[in-house]
Amino acid sequence: MNVAEWILVAILSMTLLVFLIMGIVLVVKLIGLSDEIKEVIVEGQDIAKNANGIVSNVKGMTSIGGTVEMFVDKYINPKLKEKKKEGEKKDGGKK
């Protein structure tokens, strides 16, 4: 082999070495990035669970609110109307 061929082989070898090192560094960085992505996914799942809990609490509050409203409409309002009518009968229909 003459000198020109040795120079070409040396240049190609160095280029291959550089790309090999860059590839190894890139793979290591991607592995680290995938670990961080897993942590973000876990955090997102925790946030979603907390949001579901909050929604359940609000839903429970609104269902209790609806229950209380139904109780007031069915039991308390009729009793108040009866007392109002009794008061009007005692006053003779005057306000």
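Which helix is L26 found in?

**View 1. The helix that holds L26.** L26 sits in helix α1, which spans residues 3-91. Here we look at a predicted model, where local features need pLDDT of at least 70, side-chain atom pairs count only at pLDDT 80 or more, and totals for chains, interfaces and linings use all residues. Residues are numbered from 1 along each chain as its sequence is written, and side-chain values use heavy atoms, leaving out hydrogens and water. In the protein chain there is 1 helix, with 0 strands (DSSP runs: H or I of at least four residues for helices, E of at least two for strands).

**View 2. Accessibility in the protein chain.** Of its 95 residues, 0% are buried (under 20% relative accessible area; exposed is over 50%, partly exposed in between; 1.4 Å probe, protein chains only). The accessible surface is about 8,900 Å², with 69% belonging to carbon and sulfur atoms (Shrake-Rupley method, 1.4 Å probe).

View 3. E36 counts as exposed because its relative accessibility is 51%.
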